[in-house]
Amino acid sequence: AVSSGKNLALAIVENNPAIGILQVAQGLAVPKGLDPSKPARSPERVDLGIVTEVILRRGCPYVEFRTRVDNTAKDHRLRVAFPTDIDSRVGYAGQPFDVVERPVQPEQVNHYDTGDCEPFVGYHPMHDFCGISDGRTGVTLAGDGIMEYEILPMRKTLCFTLMRTTDRLHVGVMATGSKFAVPAAQLLGENTFRYAFIPYSGTYEASLAAVERFRQPIIAVQKDFLEEESMPDYEAPEPDLPQQGGFVRVDGGCIVTALKPAEDGEGAILRLYNPADDNRPTRITVAPEFALQRAESVRLDETTEGIVPVSANTLDVMVGPRKIFSARLVMAIHEPKETLP
């Protein structure tokens, strides 16, 4: 079943200079589950209630989606599809510390070439994003907890699997028995998914900053209201922190995956990787509030590999294609200078 052309309701939820939100509500009739008498779907149908918010924020390079599904069906897969019309025979997907390319599903999925042992499988795992590019333009889909994608040959359509429901493991989804029952995996009830559509010019590297911006948003919070603030003679104190700041800046196209205290308590561990197919000169700069005393390249277990030269709180390294680089940064906090009365 597809939702295209079905009845839907549109509503503008929010429309101001900072954000616009369009709500799309729709019902989708799908089989209720598996037919217990044969390997087929049940003829009985139920309606899935699907509400999607299409969100466009001011100055944001992507369109954000938030889909809420009231799942009333069992043993089914629900996907969202984005036709791209991009002329490419391969797509890409983010994996832990890597970006992999895979061929787009062929028109004839059951065709066997010489030497093939099994038919082509179009759906694949992903970690954080997937997409397609012809080298000049492209589209990336970023997902928050969405782990499966497929690129269909018709209009080079990007598909996100929002849910794949079942109540059994160890055997195929169309089987009637199971060694391990997992009824919660039917995902009945309300489920919410976040994802983003990111168009760009160039190759997929041009979209990676937007992927991280979507997946790791800055969350604004309101501080507690102080009772004295309501007094008519209240005077706000002078701010002692800048309006913006940071700890470490990384330039050069590498992706930061960790910034944590070292396990032995000495310094901080910064870990990043190069998602590209070429060497990336990378500059790591520590904020001026700290004095960078020493930097070391370390392994994933944080044992030292070598010393990295430091100059004025900065170190320059060359990260090879698809390589992980980890550094131990040993710092001291600059003591504030005392002012004379």
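Reader: Which element gives the largest share of the lining of the second largest pocket?
Author: Happy to start there, with a predicted model in which local features need pLDDT of at least 70, side-chain atom pairs count only at pLDDT 80 or more, and totals for chains, interfaces and linings use all residues. Numbering runs from 1 along each chain as its sequence is written, and side-chain values use heavy atoms, without hydrogens and water. A pocket is an open set of points on a 1 Å grid over the protein atoms alone, with protein on both sides within 12 Å along at least five of seven lines, and lining residues have an atom within 4 Å of a point. Six residues, the largest share of this lining, come from H1.

Reader: Which elements give two or more residues to that lining of the second largest pocket?
Author: Helices (H or I, at least four residues) and strands (E, at least two) are DSSP runs, numbered from the N terminus. Among the 31 lining residues, those closest to the pocket's centre include Val 211 and Val 256. The elements asked for are helix H1 (208-215) and strand S17 (255-261).

Reader: How much space lies in the largest cavity?
Author: A cavity is a set of points where a 1.4 Å probe fits but cannot get out. The count comes to one cavity of 30 Å³ or more. With volume taken as the space filled by probe spheres set on points joined across faces, edges and corners, the largest cavity holds about 40 Å³.

Reader: Which strands give two or more residues to the lining of the largest cavity?
Author: Gly 91, Arg 102 and Tyr 149 are among the residues that line this cavity. The strands are S7 (98-103) and S11 (148-152).
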